[in-house]
Structure formats: structure tokens, C-alpha cells
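Biologist: I'm new to this one and would like to learn how to read it. Could you walk me through it, starting from a single residue?

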Amino acid sequence: MCCSLAAVLGVLVHVGVTRQTVAAARDKALEQLHDASRAYEAGEALPPESGLDPAGLPESLRRLAVSGRHGTIVAERDGRPTMWAAAPADGRALATAVDYEQSARTITGLDNAIIGSSVLAIGGTLLVGGFAVRRVTRRLHQTATVARRISRGELDARVGDTGVAGAAGAAARLDEVATVARALDTMAGTLQAKLVSEQRFTADVAHELRTPLTGLQAASELLPEGRATDLVRERVRTMRRLTEDLLEISRLDSGSGVVETDLHRLGRVAERVVRATGTDTEVVVVRDAHVETDRRRLERVLGNLVANAHRHGRGPVVLTVAGPVVTVRDHGEGYPEYLLAHGPQRFRSGGGAKGHGLGLTIAVGQAEAIGARLEFRNAGGGGGGAEAVLTLPWPPAEGG
């Protein structure tokens, strides 16, 4: 818009000044032609720069005068711009010439001044506009960065911490960007408070349940053997596992756990996990590797994946080690669509043969804690089934 406005104003000024300059030169030439016509009619000597069919007279203007009409034209004479005026004189052209070079210089100087001032105005406007836009876009970018951090779980991130809100003083506190920044900070603070409250509630409930469940388990061991006793003991064990899972999720959410890393051979860890689960799981070591990780957390991830495969899929279940990548596959119906799209969700199952509770949620949290990536997908061909792929950080050394 600045460039367009400068161009329009420049054209208007150029046209107006050019018309005024040409009109002034034309009036002067016609006045001089009038004096020459009176001198010619009186038989007196013609004024300077006047004459009958003078040299350099443009042919178009001479023909116009010979035809009995008056006219003016700007043309070159001896390399200089000249304003010509001509009138009929006994079948010839009586013409006079006025130097137009100064007027042409004036117009050229004006054009240069218009172009120069327009360039300066546009340059200044672009600098000021660029500075203002860059400040706004920078603050919007920082706000978007904070929003992405919040979406990744950094609920303590705030736009105000980056110096965006209020950076421009009292005026900035009234603009739209500052309003968005404050709204985002308020939303993040409210969301953090609610999540912290929920995490605290979950942890408190799990802690409070541990004591009565421990007593209930001890009491169930004193019951006489029978079908009813076995059912009670199984339900108590299920409640204890659920309570421990809730406590573990609470610790993962709060990030209070400590990751203790050491160098471990991945194939041995996988075999140990399968033996601990007591399931019929085939372990295939394509390429063993040493990984620096927290063995307890890694075993928890693999154990949950194996248990989930047996509980919700169909055999055979195969655990494959290929360098730092561990794959757990069953041959059931595969993961439900919502899990593939959004990941594991607590206390939700697919409603069919394939589902999950807290096991996969814990597996994802523990994988993130040790810096690994856990992906869920459905295997194509070869009997189908569900595949969980755990990719550990690249090991510092390969196992033989």
C-alpha cells in the first residue's frame, strides 16, 4: 500500500507539474508568435527566434500552419528541446521558437525528487513496519513455542517467563498479542493446578488403599481352601496390582522417580523378562546390543508389553531383539484404532478381543523416562496381530 500510494502521488504530481510547465511555455511561445504576426503584417522586422519557414521547424507543424491553423509542438532543435508555435502567413508558416530546455530540466528534476523521496519514504516505512511486524511475529512465535511446550507436558512453561508479556511497556499490555499471552498463561496455570490436584488425589488414594489391602491379603490367606477363597485371593491380588500401578503412574506424572542407568546386554534382559512373566513367549535375538539404561524401568516396559500381548492377543507371542530395537508381537486382532491414533488411554479398552488398562500407559511413561520411543502398530501380512516397537537410545557399544 505504501508503494502504491507513493506511485499514485508521484504520477499525479508529475502530470500536474508537467501540464503547468508545458502550458507556461506554450503561452510564452504563442505570445511571441502574436508579436511576430503583428510585425509581419506591419512589414516590420520579425523578432528574434521568429521567421517564415525557419530551419528546424517540424514538418507536421509547418503543414498545420500552411493549412490555415495555429499550433504548438515540443521538438528537438540542434539537440535542445524547443517549444514551437506556428501560424499561417500568405501560404507559408510563420513560426517562432522558445527554449524549452530549462522547463525540461525542471520536470526531470521534479521526477528525480519524486522518485528519491518515494524511495526514502518507502524504505523508512518498510523499516518501521518490518520492525513492528517482527516484534509482533516474534512474540507470537514465542507464544506458540510455549503452547507447544505445554502440549508436551511442561505445564510450568509461561509466556511471561520469556519476556513477551509487557515487553513493550504499558502500551503492550493493551494489545492483542499480550492478551493472548496472558490468556495462555492463565489457561496453563489453571490446567497445571487441576492436573496436580488430580495427581495428588490419585497418589493419596493409592497410598490409603495399600494398608487395608495388605491386611485383606493377609486375612485371605487364613481362609479355608476352596473356590470362594481362591476367587477372593485373586480379587485381592488384582486390587493390589491396580494400586501399585496407580502409584507408579502417579510417580511418572510427577517425574519424581530417579533414573539409574548402567550398561546392560539387551538380549539377556529380554530373556529375564520372559522368564519372570512365566508366559510362553519366544525370544528371537537377531542382533544383540549393549544399552545404557535403567534396567528396572526397561524390564517394566517389556514385561507390560509381553503381558498385554498374552492377555489381549493370541499366540504365538514373539519378542525380537534387533540391536537397540525390541519388538513384541502377537497374532491377535491388532490394536484398536483409537490406540493407534492417540496412544494408550487409562482404563479404556477396545471393547473386543484387543484392549488395555494401565499396563500400556505405564510402559509408555517408563519408556519416556529412559529416553526410548515406544510405537504401537498393527502388523501386516504373516497372520497380522499387534506390534509394539521399543527403540532405545543408540548403544555406545555392540554386543557380540
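Biologist: Which strand holds H264?

Modeller: Helices (H or I, at least four residues) and strands (E, at least two) are DSSP runs, numbered from the N terminus. H264 lies in strand 5, which covers residues 262-265. This is a predicted model, where local features need pLDDT of at least 70 and side-chain atom pairs pLDDT 80 or more, while totals for chains, interfaces and linings use all residues. Residues are numbered from 1 along each chain as its sequence is written, and side-chain values use heavy atoms, without hydrogens and water.

Biologist: Is H264 buried or exposed?

Modeller: Buried means under 20% relative accessible area, exposed over 50%, and partly exposed in between (1.4 Å probe, protein chains only). H264 counts as buried because its relative accessibility is 15%. Across the protein chain of 400 residues, 36% are buried.

Biologist: Which residues is H264 in contact with, leaving aside neighbours within four places in sequence?

Modeller: Contact means heavy atoms within 4.5 Å. On that basis, H264 touches V269, A289, H290, V291, T293 and R295.

Biologist: Now the helices. At what angle do helix 6 and helix 7 pack?

Modeller: Axes are lines fitted to C-alpha atoms, for helices over the stretch in contact, and angles run from 0 to 180 degrees between N-to-C directions. Helix 6 (residues 266-277) packs on helix 7 at about 55°, with the axes 9 Å apart. Angles under 35 degrees count as roughly parallel, over 145 as roughly antiparallel, 65 to 115 as roughly perpendicular and the rest as oblique. Helix 6 and helix 7 are therefore oblique to each other. On the helix 6 side, the contact includes L266, V269 and A270, and on the helix 7 side R295, L298 and E299 are among the residues.

Biologist: And how is helix 7 placed against helix 9?

Modeller: Helix 7 (residues 295-312) and helix 9 (residues 359-369) pack at about 150°, again with axes 9 Å apart. That angle makes helix 7 roughly antiparallel to helix 9. Their contact includes R296, V301 and L305 of helix 7, and L360, I362 and A363 of helix 9.

Biologist: How many helices and strands does the protein chain have?

Modeller: The protein chain has nine helices and 12 strands.
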